[in-house]
Each structure stands twice: as C-alpha cells, then as structure tokens.
Amino acid sequence: FIENNDIQALSKGTFRGLKSLTHLSLANNNLQTLPRDLFKPLDILSDLDLRGNTLACDCKIKWLVEWLENTNTTVPAVFCSSPGQFEGQRIRDLALSDFQCITTDFVMHQVLPFQAVSAEPFTYASDLYVALAQPSASSCSVLKWDYVERKLRDFDRIPAHSAVHCKPIVAQDQLYVVVAQLFGGSYIYRWDTAVDKFIKIQDIDSQKVRKPNDIEAFQIEGDWYFVIADSSKAGSTSLYRLNQNGFYSHQALHAWHRDTDVEYVENDGKPRLIISSSSQAPVIYQWSRAQKQFVAQGEVGEMLDVQMVKHFRSKRDQFLCLSRYIGDSKVVRWEGQRFVEVQTLPSRGSMVMQPFAVGQRQYLALGSDFSFTHVYLWEEEKQKFAKFQELSVQAPRAFRYVPAADVQLLLAPSFKANTLVYRHMVVDLSL
C-alpha cells in the first residue's frame, strides 16, 4: 500500500520480481502516466487501485487500456484527467481505436557529396538506380542501390557539361538516358550490355531545343514518348517518339514561351500534358487519338510565373500543385472542364513543389531558396495540406520519392550544397 505519497513517476522495473504480490494500491498519488507493461511481472495480482491520480490518456497509456481489457485483476474505476476529449472518461471505456499513435518522420539517411538539379529513380534488370544531373561536375551521375548496405553507390557517369536533366527511359528491354544540357546540345544515350557502358546514339535537334528545363516520359497506346520543356525565347517544347532505331521528333508543342516544366496526366482515361511557363498561365494539351498528336485545350487559371506543375490523386479527385518563385503557390482540383483553387501556400523563392505518396499518406514537399523546405501532409476531410515537418535543404531543385525494398527514401538534390537522402520512418508512439 503506497497510496498518498505524492509519487510522480515509476520506473519500468518498479515491481520486477514481486511474483507473490496480490494487492497493490497506488491511489491518490500524482501519476500522470505509467511505464508500458508495468504490471506484467505481477502474475497473481488480484486487486489494483489507481484512483486519485491525474492520468493523461495519451498514447503512452494505450497499453493500460489493452491490459484492462484482458486482465482478471479487479481495478476500481479510474478516470482520465487529460487530454480534453477524454477528460472525465473511464479509462476502461476507451477503445484502442481512440488512440492515434502512429506518426511518421523524415530522418537523414545518406549525404551524397555533390550538387545536383534533378533526380530520376528507375528500375533496370531488377536493380534500382537513380540518375542525377550534376552541372557543376559536368555529368549525369547514375547511382545503384546497394540492398545489403542500404545505400546509393556510384555506378556510372555520362559526360554532360551543363546538364539540367537526365531522364532514364526503360523501353523494350533497353535503357535510354535523355541528357538535356543548357549549352552544347542535348543527347540520347543507350546502355550497351556488350561493353557495359552508356553509348551516345542520337543528337536532339538544337534548333528546336535550345534551353531545356524539364523532361517527362510516358506511354500512349503502347508507344513510348518523351517531351522536353524548352525555356528559351527561340526554341519550342518538343515531343519525341520511340521507333525501332531511336527517338525521333514527333510534334512541336509550345514555341517561344519560355516553358519551365511539363507534367503528363491522365484524366478520365484521356492523356494530357500541362506545360508551365514564365510568360503565360499553364497550358493544357489533350491527346487526339485521330491525329496522334496533342491539341491545345485551354489554360489553368490565370497564374503567371509558375515554375513547376505536378499532379496527385486523392481518391477519385485529381489535383495540381503549382509552385511559384514570386507569389504564393497553389493547389487546384480538376472539376470536369476546369481546375478550381483549393489552397494557397506561401512560398517565396520556390522552384519546386512535389507531391508524393508513401503508403496511404499523401505528402507535399515545398522547397525554397530562402528558407527551410516545408513538408505538408494531406488531410482528406479538409481537402487541404497541413504543415508536417521542416527539412534543411539548401536551394532544392527536385524531390523524388524512391521506394527501395523495405526502405522508403526521399531524395533532395541541391543546387548549392550536398544532395540529401531522407528516410521515411513510421513511429508508434505507444511503444
């Protein structure tokens, strides 16, 4: 009987070895929580009194609710003192589902000692790789995932003096890498299994693609395409199609508009491209099966200076994330024939706004050249993102989610510092 002693805390091993204890009174102390499995050593405990304590019914007490459901010990009613939603309730009446104890966290997993401006994960011959554009190192760097060490390791390099994007495409059992450069033209390389190295197979028309900024690759009706967003005043965003010999020019899409990003989206079974631009609002193109080309369909709102456009799905709804360097970034929802704004996020200096899903959780990483990267978590009921975590990434230029077997990674290439690799952790606060 140790009641009325102003006991404020107990260690996990307080009752270790007391196998013959049958009656225990901790009544009228000042206990706010109890260590997990505190009463597990008490094999023949028949009576337990916890009345008169200020127990907080949070995740740390979840184990007690489960223990009370299964024990034969007689326990007089004990009540919650906090939090507000449980105050005054009997602990025995709480359900395990009342406790929201699973949370997540992004923690540093690996530091890649170089700057980069893009990151593209891909799988080839059952192995996981990442291609990164490194303009400061004049190369496209290809890293391979080490499943034993759980690290990314050097695999190969493609020379690229001013690389802004290195896009891997695995098509027809062949690995291609489209290397987009600001100066000196852009090229396509293919992995040659006979010599185990990348071989340059094709130049990209430098009159059309003068200042590339982004590359997207996709399949339509079984055919492979890639599109390059061109950010010069004299070039045009261009579509290329794969045939037996390589990729060839298929369509000039959007000329002289200083395009910043391109996103491939399928809405209602209809392939679409959404192209953002420094000179006008993002433009929507829809695929015409009859013409085998994209046809201009309209614009997304009236937002200028959109640096990047990315999409995500939530249940049946389709959303776009529009990042802006000057002004607030936007989240908009597709409603049949148009996009409707659902959220505004402050984002001064933002070059990248990337939604990504890990399991059932939908995140959004919003980078900035002037402050921390903000990670948001989607709240389905409110149809909005809520602030979740800050990451210290200098001048991020991309965020890429990479599922590597049992490890979930988030790559953050930096224009001014090391490229960072974060690991997504699931934490049970009740343990």
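Tryptophan 191 counts as buried because its relative accessibility is 9%, where buried means under 20% relative accessible area, exposed over 50% and partly exposed in between, for a 1.4 Å probe and protein chains only. Good morning. The model shown here is predicted, so local features need pLDDT of at least 70 and side-chain atom pairs count only at pLDDT 80 or more, while totals for chains, interfaces and linings use all residues. Residues are numbered from 1 along each chain as its sequence is written, and side-chain values use heavy atoms, with hydrogens and water left out.

Let me begin with the aromatic rings. A pair of aromatic rings is described by the distance of the centres and the angle of the planes. Rings of Phe, Tyr and Trp (its six-membered ring) pair if their centres lie within 6.5 Å; planes under 30 degrees apart count as stacked, over 60 as edge-to-face and the rest as tilted. The whole structure holds 28 aromatic pairs.

What is the partner of tryptophan 191 in a tilted pair? The partner is phenylalanine 155, at 5.4 Å centre to centre with 40° between the planes. Phenylalanine 155 lies in strand E7 (residues 151–159) and tryptophan 191 in strand E10 (residues 186–192), so the pair ties together parts 36 residues apart in sequence. Strands (E) are DSSP runs of at least two residues, numbered from the N terminus. Phenylalanine 155 is partly exposed, at 32% relative accessibility.

Phenylalanine 356 and tyrosine 401 form a stacked pair, 6.2 Å centre to centre and 20° between the planes. Because phenylalanine 356 belongs to strand E24 (residues 353–358) and tyrosine 401 to strand E28 (residues 400–404), this pair ties together parts 45 residues apart in sequence. Phenylalanine 356 is buried at 6% relative accessibility, whereas tyrosine 401 is partly exposed at 23%.

The charged end of lysine 200 sits over the ring of tyrosine 187, 4.0 Å from its centre, and that of arginine 348 sits over the ring of phenylalanine 370, 4.3 Å from its centre. Here, a charge sits over a ring if NZ of Lys or CZ of Arg is within 6 Å of the ring centre and within 35 degrees of the ring normal.

Thank you for your attention.

Methods. Helix = DSSP H or I, 4+ residues; strand = E, 2+ residues; numbered from the N terminus.
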